[in-house]
Amino acid sequence: MTSNCRRPEHTAPPDLFYNEVEARKYSQNSRMIEIQTQMSERAVELLNLPEGQPCFLLDVGCGSGLSGDFLSEEGHYWVGVDISTAMLDVALDREVEGDLLVGDMGHGMPFRPGTFDGCISISALQWLCNADKRSHSPPKRLYTFFSTLYSSLSRGSRAIFQLYPENSEQLELITTQAMRAGFGGGMVVDYPNSSKAKKFFLCLFAGVTGSLPKGLGTETSDRAVSNQVQYSGQRCRFKGMKGKSAKKGRDWILEKKERRRRQGREVRADTKYTARQRKPHF
């Protein structure tokens, strides 16, 4: 699961790594914006929110507000928490619609019980596995975060974390602390056989457990979720995250149409022309 390049969390603490220069990339780099939007869309899909009903959501590690933009587009209200003031300054300059709060995940979530209808987090959770100070204990910081998050969520809601795990031991640490805090759920892996499109999502249930969602690009059946958080002990590697977007492929489109059919929506029948490449119009 280890990336070939040096991991950002090994470079500097998040409040220092995401400085003004790094923060500007998240408002100017079209590739970063596209990836962030795609992962936010998938996270919201995994939340399984009531259709057509605005919800109050928490965005942990909200950064410059790119994931929050998608939440606003979907008609939801949100609060974003991030440790980097530089990233939050970019979010303010972009005039995002959510409320913003400076905070360290490892210190816990300072919200009243049952405040939120769900939580998403994009590329932030793995930072808690690093000890940036002598006083930092990753297991304690993870437990503090998960226990306070569990309290701030309404019963029956979900928390979805897109993350880049470094190895199976890190996954075990994260999921064990989530289970201790009261969550049920497990890992959802999209496109597990693809080196470019593979994505990890930790899907947690607050109070009421259900069936763990299927990962995109898999044919595995739904698994019943016990109160034991599931994780994979398999060691595999991330390769470069660049390449063709998974959302442009035929497999992704067919998978999305099938999900909509299971939700009872009207979907056009599949034909040989489905997801075909069309020539540009001049």
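**View 1. Pairing of strands β1 and β2.** F56 stands opposite Y77 in β2, a pairing shown here, as in every view below, in a predicted model. Strand β1, which covers residues 56–60, is joined to β2 by five bridges, and the two strands run parallel. In general terms, strands of a sheet pair through backbone hydrogen bonds, in either the parallel or the antiparallel sense.

**View 2. The open sheet and the order of its strands.** Seven strands form an open sheet in the order β3-β2-β1-β4-β5-β7-β6, and the pairing within this sheet is mixed. Its edges are formed by β3 (99–102) and β6 (184–190), each of which pairs on one side only. From one strand to the next, the twist averages 20°. Of the contacts in the protein chain between residues at least 6 apart in sequence, 68% join residues that are at least 24 apart.

View 3. Strand β5, made up of residues 153–163, is mostly covered, with eight of its eleven residues buried. It pairs with strand β4 (residues 116–122) in the parallel sense over six bridges, and within this pairing R158 of β5 is the bridge partner of G118. Helix α6, which spans residues 138–152, lies across β1, β4, β5 and β7 (199–205), and runs at about 135° to β5.

View 4. Helix α5 lies across β2 and β3, running at about 165° to β3. Helix α5 (residues 85–93) also packs with helix α2 (residues 20–28), at an angle of about 35° and with the two axes 8 Å apart. The crossing of these two helices is right-handed. On the α2 side the contact is made by E20, A23, R24, Y26 and S27, and on the α5 side by A86, M87 and V90. Sorted by class, the residues in this contact of α2 with α5 are five nonpolar, one polar and two charged.

**View 5. Helix α4 and its surroundings.** Helix α4 is largely enclosed by the rest of the structure, because six of its eight residues are buried. The buried residues in α4 are L66, S67, G68, F70, L71 and S72, and they pack against helices α2 and α3 (30–47) as well as strands β1, β2 and β4. Just after this helix, G75 takes a positive phi of about 90°.

View 6. H76 is found in the loop between α4 (66–73) and β2 (77–82). A polar atom of the H76 side chain lies 3.1 Å from the backbone nitrogen of C55. When residues up to four places away in sequence are not counted, H76 touches L49, Q53, P54, C55, L57 and L71.

Conventions
Residues numbered from 1 in each chain as written. Predicted model: local features only at pLDDT ≥ 70, side-chain atom pairs only at ≥ 80, totals over all residues. Heavy atoms only, no water. Axes fitted to C-alpha atoms, helices over the stretch in contact; angles between N-to-C directions. Helix = DSSP H or I, 4+ residues; strand = E, 2+ residues; numbered from the N terminus. Left-handed = near helix turned anticlockwise from the far one by under 90°. Contact = heavy atoms within 4.5 Å. Nonpolar A, V, L, I, M, F, W, Y, C, P; charged D, E, K, R; others polar. Polar contact = N/O pair within 3.5 Å; in protein donor to acceptor, adjacent residues only side chain to side chain. Buried < 20%, exposed > 50% of the residue type's maximum accessible area, 1.4 Å probe, protein only. Pairing = 2+ DSSP bridges.
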